Structures are given as structure tokens and as C-alpha cells.
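Some notes on this model follow, in numbered points. They go from the overall make-up of one chain to the interface, and then to a few local sites.

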Amino acid sequence: MKRIRLSRCGAQLLAPSPPRRPLCPFAPSLQRTITPHNHRIQSRLQSTAAGTVTEIDLDDFDVAEAVADELPTRPDSVRHRPRELLPSPEPRLAKQSAKLAALRSRLSLPPRFPLETLARTLVHPSADPDPAFNNGSLSILGANLLGYYTTEHLTCNYPRLPMTVIFAAQYAYIGPKALATIASEWGIEAAAEPGGEVDPGLLQFKRLRSGQDLPEPLKGKKAPRKWNVTTTNRILKSDEFGSQHAGHDPQALQRQPIPMEEAAQSFVQALVGSLHLHLGSPLVKRFYRDHFLSRHLEMDKLFDFRTPTRDLSKLCAREGFEAPVARLISETGRHTNHPVFVVGVYSGKDKLGEGAGSSLDEARTRAAAAAMKGWCLYRPLEVTVPSSTEGEVDPTKWKPNMIDCGEVIV
Amino acid sequence: MPLAGIRTVAKAQNGVGAFILQCRRLDFHYCDWAGSSRGMNAFIRSSLSNFAKANPQIEIRVSPRPHNHPTIVGHYINGRQVELDVRNLDKAGIREKAWFLRNTSGEKEKRTTKPVTSLNESVRGIWSPFHGARIKI
């Protein structure tokens, strides 16, 4: 299928852009023989390297050799130091690490994903401040991709989810704790201390000693208690989890001791970013679906209502339903220590929700909360996420998603 | 709508999307001199490369342990280790033990009393005395 490349449309009219170092140093050498997915790399090939492209049999082609001539080099002051004094292992040692090769096939990554890049994703800026050798840039890209895929999944599949619950669901799928758990489930081990002599298959970061304070960028600034931080403000100003403070720049953590969770999180993000650069977005989407979306999350356990009865009556008024009425369905042991009441919330003849509690009020509140959850957790049957149409020319595949008119305003 | 989201972490379901082999590393220890390592030495010389090729997810280490019986140690993703004594076993026996360590999850053995273990709620729900036909006493 022919694709329209936006970058080619006006390229000849613009001034030649300054030579830009690619985000991943190994990408161009690999893309020479493998069909590129990234349109930027594709256009670069056509402009500069068109004459040098030769047909190479993929079986004879050794990815490692191609990578070896393009490995980044350290500045002269550092390069001639003994291996023990380097901040992180040299990229050429990645080929010899059994841990890295095992990790690559454990994650079912294809062999064309180079071990050198996998080794780079394991080096946190706190271990190696050189941006050409650490995973800072890759983790920014990966964090954005993860955020994009999770947001579109949640907002398209659950169009009526309130914003605070979307924040909580994002946190459950790709929050720092979730990513650190995923890294440990992939079998990532951390090096005791980063350095050039360490196995490149270990996670390299400067450890936070017990009793040490968190570095400044990780602390963030909390708004004073009396400030009313609105949800709108959180959407605009904070990260994708609705935290009190915006995310930090990974390069700001250079040479600062950090907790393991932070390093493991940056590894997972950097891996997703480097997969996008090397293998293209279709494979990243599959990787995301297999490793992140396949995790089990009970959406109905994320709600914490404060006044569900009031919310429900406002919702019914907005939608034009009859006002909700709570009715006792059954009860037992009213005069004992452990009474149970089952209460249903009805709008006209329709039962909206049902709840059981040890007092009439508790049962009514539970019933209203169940009714609210039933409304908010609606899932449309057919969903097309925006990223599924990336690179498609045929617009008929796109089916518009349902968009709800929003939360109930009380 | 005054409402707060509760922060949790989604639970892993290994094998539902991707499958991660739980065995992370296998250590093979042998002795050059002792007779109990004869089968182990033959295994390392002839079959270990095939075993490693069949299981690229596992990091394999071979190291001598002089004047000791041969062992295989499995390291698992949950952090546990399983050590097997393979003294006097022949090559086929050692291959069998290596595959056993590859296939285990590293968890402690548990008695399973229920036929199904699931994170999902039961489709039928829990029986409630307050619904359905009333029992009159």
C-alpha cells in the first residue's frame, strides 16, 4: 500500500536542516537493510544514502557488524581510562553478555533488535551522565508512547469514566510502581554499583542509601493544602497520573542517588522507546498489548464516591430519567447485632442498582454507588482507537467513537 | 461530582498476553576428577549447547566445583533458587533434570484444593439468601 509521506511534501522548499544526531545511534545502520517503519529515517535514506543502498542477503548480513561501525565514542578525556573508571559498560561489550541475550529472547524480541541498544536502555542517567550513553532520551519517548496508548485505550473503551478514575487507571497500568513491577517480572537485576566493569545486562543506576533524602527533582513541589487544585489544572499542568507536580527531566538526575523504582521505570520506558525506533510502531503496539494491557485491572474497584446518592439524582435529572427512589428489597435481623438490608435504587420501574448493608442508609448509599458505576463503566461494543489508523490511507476503517457529554456537575 | 480515584497496580497474568519463562538462569557445577560427575561432564561436552540453543531465554553458567558432587542450580524470576544434586546420573538423567528446572516456576509447592484459581469474579455470583425463592420456616 502506498503511503503519503508528510515529510516529503514540502521538504525541497525548506532550507537544509542541520545534521541531527539520531536518537538511537544504531538505528541508521540497521535501517539500511530492513524496511523502515519510521518515515523520518525513510526520508533520510532517500536524501543521503540512496546511492549506497545495496542488496544484501539478510541471512549473510550480520546486524552486529553494521552496528559496530556506528557505536558512539566517548570524549577523549574519558576514552583512554581503564574499564573500571568508566561510568557505564562500553556498548561493544553488549555482544558478550549472556544476560542481555537471554533478556532479549525472554521478551520475544526479534534478533534484529540490537543488544547494544538493549544495554543502553539499562543505563540510567544517574549512572552515566553522557546523554549518548544513557537512556534519558529513550525514556522520554517511551513514556510518551505508553501514555498515548493507555489514554486512548481508556478513553475509547470507557467513554463515561470520570477524570480522576482515568488518572487512577493510568497509574495502575503505567505508573511508576506498575513499571517497576513489570521490570522485576521480566527478570531485571540491578548492579550493586554502576561502572565499566559491570555486566551490561544489569540495571545500572546510583543507589539511594537508606536514610538518604530523595534528590530534588524527584521530590516535586506540593501545592499548599488550602489551594484548590482543580481537575482541569491537573489535566493541563501535571503528568498523566494527575499528580500534584509535573514529571521531571530524566537528565536532571545525573549523578544523583535514586531509588530502584525510578531506575526500573526508566528502563521499561526506554525499552518501549527504542523498540519504536528500531522496529516501528506496529510491533510496539503489539508489545504494549501483550505486556501492559493484558494485565488484570478491576475498573470498578477504582471508584471512591463521596456523595453517590446526590450524584445519582443529578445524573437522572440531567438524562431525563425519573428521580431515583430507594426501596427496601429484603431484610433480616433488624433488631439483632447484625442486621442486613438489601436496598434497590429505582427510577420509575427500572432498577438502577442494588446494595446490601448493615443499616438502611449504608445499603442505600451502596445501591446508589452501584448505579453510578453501572453508568460510568459503560463500554461500547465497537471501538477503533486512533492509533490503529496510523499510516492507513483508507478512511473507511475509522469508525467514530462515542463521546459522552461529561461528568455530572453537582 | 466529588469523586476520588483509588491508586492500585494492575496484576500480572503471565501467559494471557505475553509469556515470560520463569527460569532465569541455570548454573551447572561439575568436577573434573570425581566419578560422580561423569554423566555431567558428558552432558556439558555434548548436549549442553543443544539445550542452550533450545532455551535462549535462560542464561547458562558452567563452573567447576572440585571435589564436590555435580549440581544444577536454577534461579527464578521470583527470586528463589532450586538446587538439584545430580551425582552419578547419566547424560539422559541430567538432561531430564535440566528440563525439569527449566519448566518449574520456582514457587514453593502448594496444595491446590480448588479446581480453578482465577482473578475474575464468578459469573454466577455468590449465592444470596435474600434473593430468589424465599425459604419459609
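1. Chain A contains 16 helices and 4 strands. The model is a predicted one. Of the 410 residues in chain A, 47% count as buried. Among contacts in chain A with a separation of 6 or more, 66% come from residues 24 or more positions apart.

2. On the interface: the contact involves 53 residues of chain A and 33 residues of chain B. The area buried between chain A and chain B is about 3500 Å², and carbon and sulfur atoms give 57% of that area. R106(A), H296(A) and D304(A) together supply 19% of the area that chain A buries against chain B, more than any other three residues.

3. R24(B) forms a salt bridge with E189(A), and their closest N and O atoms are 3.6 Å apart. Across the interface of chain A and chain B there are also 15 residue pairs in polar contact, both residues being at pLDDT 80 or more.

4. On which parts of chain A face chain B: the elements giving two or more residues to this side are helix 6 (98-106), helix 9 (163-174), helix 10 (176-185), helix 14 (281-293), strand 1, helix 15, strand 2 (325-332) and strand 3 of chain A. By class, the side of chain A that touches chain B has 24 nonpolar, 13 polar and 16 charged residues.

5. With 12 residues, helix 9 reaches 16 Å from its first C-alpha to its last, close to the 16 Å expected at 1.5 Å a residue. Helix 9 of chain A is largely enclosed by the rest of the structure, because 11 of its 12 residues are buried. The buried residues of helix 9 include F167(A), Q170(A), Y171(A) and Y173(A). Their cover includes helix 8 (136-157), helix 10, helix 12 (231-237), helix 14 and strand 1 of chain A, together with strand 1 (3-5) of chain B.

6. How exposed is M163(A)? M163(A) is found in helix 9 of chain A and has a relative accessible area of 21%, so it counts as partly exposed; the cut-off for buried is under 20%. Not counting residues up to four places away in sequence, M163(A) touches T231(A), I235(A) and E407(A). The C-alpha atoms of M163(A) and G406(A) are separated by 9.4 Å, although these residues are 243 residues apart along the chain.

7. Helix 16 (residues 360-376) of chain A has 17 residues and spans 24 Å from first C-alpha to last, close to the 24 Å expected at 1.5 Å a residue. The buried residues of helix 16 are A363(A), A367(A), A368(A), A369(A), A371(A), M372(A), W375(A) and C376(A). What covers them includes strand 1 (303-305), helix 15 (308-319), strand 3 (340-347) and strand 4 (350-357) of chain A.

8. In chain B, is N55(B) buried or exposed? N55(B) counts as buried because its relative accessibility is 1%. Its place is in the loop between helix 2 (48-54) and strand 3 (59-64) of chain B. Leaving aside neighbours within four places in sequence, N55(B) is in contact with W99(B) and R102(B).

How values were computed:
Residues numbered from 1 in each chain as written. Chains lettered and ligands numbered in written order. Predicted model: local features only at pLDDT ≥ 70, side-chain atom pairs only at ≥ 80, totals over all residues. Heavy atoms only, no water. Expected span 1.5 Å × (residues − 1). Buried < 20%, exposed > 50% of the residue type's maximum accessible area, 1.4 Å probe, protein only. Contact = heavy atoms within 4.5 Å. Buried area = accessible area lost by both parts, 1.4 Å probe. Salt bridge = Lys/Arg side-chain N within 4 Å of Asp/Glu carboxyl O. Polar contact = N/O pair within 3.5 Å; in protein donor to acceptor, adjacent residues only side chain to side chain. Nonpolar A, V, L, I, M, F, W, Y, C, P; charged D, E, K, R; others polar.
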